[in-house]
Amino acid sequence: MFDVVVVGAGFSGLQAAITAQQAGLSVVVLEARDRIGGKIWSVPLASGRGYADLGGAWVNVNLQKRVGAYMKKFSLKTVEQRLEGRAVMQEAADERFEFPFGVTPSDWTDEEKENLAKIRDHIQAESLKPGPPRVEDDNVSLEQYIRNLGAGPKTIKMVNLWARVMHGVESSEYSAAWFIDYCRCNHGLLAIRADDSSGGQHLRFRDGSQSLANVLASLVGPSNIYLSSPIATIEDLSTHTIVTTTTGKTFTARKCIISIPSTMYKELNIQPPLPPRVQEITNATVLGDYNKAIVCYDRPWWRDSGFNGYFASFSGPVILGRDTSVDEVRHYSLTCFVNGKEGREWSKLIPHERRAEVIKQLAKVFNAGDKNDHEVYKPIEVFDQVWQHERYSRGALAPITALGHMTQFADVYGKPVGNLHFVGTEYSKEWRGYMEGALCSGEVGATEVVKALGGRGRASL
Ligand SMILES: Cc1cc2nc3c(=O)[nH]c(=O)nc-3n(C[C@H](O)[C@H](O)[C@H](O)COP(=O)(O)OP(=O)(O)OC[C@H]3O[C@@H](n4cnc5c(N)ncnc54)[C@H](O)[C@@H]3O)c2cc1C
């Protein structure tokens, strides 16, 4: 019998295993996929010029202490997000304008700019206030919340863009309290949106985020991780748990840590079933449409015209793009997020149509014209990753609770049930939705298990 069986080898599951092992517990990790990392997935480029990060990519080593400590300890190389140059705002399919990166789009009237600043500053202030989310904010959608504050049409579109970029949903589809609390866990709205050293998009891993997943797996020990082992059933027998995989293997452990997104608990066939209130909140969580198209080129042609590669769009299908090149290895790419309602429609297309749509939009955004001889039409590699199509992810970034549920079920959400403990970036109080959040939750969940087993946890790093 093991002390702990961990379900899932994403960042939260791997960190939970490490923390439990450091406290002297025996651990086995069961992973459905034939790879570790979950929503972290770095794919080598056919050109040999580095990796494409199809899932999580950006980190901030100063604000995200666990990620930062691993990167330092294991000398993982980073690339700073390139900011120099002009950005582009696409307000409608045929309406684009350029602006200096980092300022509010300049074709807005003073009144429109003031209106956006008022709403942004309000959310920022709310997100810096400590305390639990308010029931009244949880019962109203983010869109309605800002309308009540007097948001004008352009501000409503901009906040909807934030919702799409940050969570893959529309601002009308989730609660204001969830949005504000997410910002609260992540140093406030402005830190989440920032691409410089003050925010979440400051650095990327030179060799892909998978390099950190590999470090975590090596610490757990490859022989303690069973890949291609989807869970068929979990039985909690009060003194121990029995976890059976669809491949017919059975693992017995004193405690079970479940690290998969709560939206998918219903597929685990847990016996006895989770309490009704736990089922009510977890069955209703949703995973956003959060997709990436990564277009790789032989050279960074957009820089020739003074663009830094950043653009945002109200019209889509791409709602935001960034330069994700690693110049050192001659990897030149634009990473395009195709999220929210736009992503939902785009994901229904067949792959070559998806790619064509993205390239057509890049041509418009960067003024490349429609003649096929421009470099925009000649990528050397294109990836289109639809996370909703991934059987063991079903969307991203992290599950979002239904309207009113966050406050109504706060007493049970993510709390242990018998010998079952729950981790995942969705439960983190620090950098929820991020790699750092997954590490934080894994650490907290394993510490909870160590305590329940009467052991003493040691610091994880
Ligand atoms: C497109 C995209 C962009 C992102 N950008 C960033 C970013 O720039 N910066 C950042 O910090 N974060 C980013 N994230 C978020 C980050 O990737 C996640 O927060 C983090 O990886 C979540 O880790 P987790 O362990 O909570 O969940 P997961 O990674 O989902 O891990 C769950 C694991 O459980 C496994 N599993 C599922 N079902 C079963 C089953 N039945 N049996 C056994 N195993 C199962 C899964 O295969 C997976 O390995 C991004 C994510 C996506 C998708």
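Which residues does F337 touch, not counting residues up to four places away in sequence? In this predicted model, local features need pLDDT of at least 70 and side-chain atom pairs count only at pLDDT 80 or more, whereas totals for chains, interfaces and linings use all residues. Residues are numbered from 1 along each chain as its sequence is written.

F337 touches V165, K292, V318, I319 and L320, where contact denotes C-beta atoms, placed from the backbone, within 7 Å of each other. The residue is found in strand β19 (residues 332–337); strands (E, at least two residues) and helices (H or I, at least four) are DSSP runs numbered from the N terminus. F337 counts as buried because it has 23 C-beta neighbours inside 10 Å; the cut-offs are 20 or more other C-beta atoms within 10 Å for buried, 12 or fewer for exposed, and in between for partly exposed. An unreviewed UniProt entry lists F337 under "binding site"; such annotations may be inferred rather than shown by experiment.

The protein is divided into domain 1 (2–39 + 210–274 + 417–455), domain 2 (78–83 + 199–205 + 290–389) and domain 3 (105–193), with bounds from an automatic or database domain assignment. The C-alpha centres of domain 1 and domain 3 lie 33 Å apart.

The ligand is surrounded by 41 residues, the closest being G8, G10, G38, G56 and Y434; a residue is included if its C-beta atom, placed from the backbone, lies within 6 Å of the molecule. Two or more residues of this shell come from each of α1 (11–22), β5 (58–59), β21 (396–400) and α15 (435–452), and α15 gives the most, with four residues. Domain 1 and domain 2 each supply at least three residues to the shell.

The largest nonpolar core holds 119 residues, of which V4, V5, A20 and I257 touch the most other members; such a core is a set of buried Ala, Val, Leu, Ile, Met, Phe, Trp, Tyr and Cys residues joined through C-beta atoms within 7 Å. Its largest share, eight residues, comes from α15. A second, separate core of seven residues includes Y290, V386, A396 and A398.

Backbone geometry was also examined. The peptide bond from A396 to L397 is cis, with omega near -15°, and L397 lies in strand β21. A further cis bond links G316 to P317, with omega near 5°; P317 is found in the loop between β17 (307–313) and β18 (320–323). R394, in the loop between β20 (381–385) and β21, has a positive phi near 60°.

How values were computed. Two residues are in contact if their C-beta atoms, placed from the backbone, lie within 7 Å.
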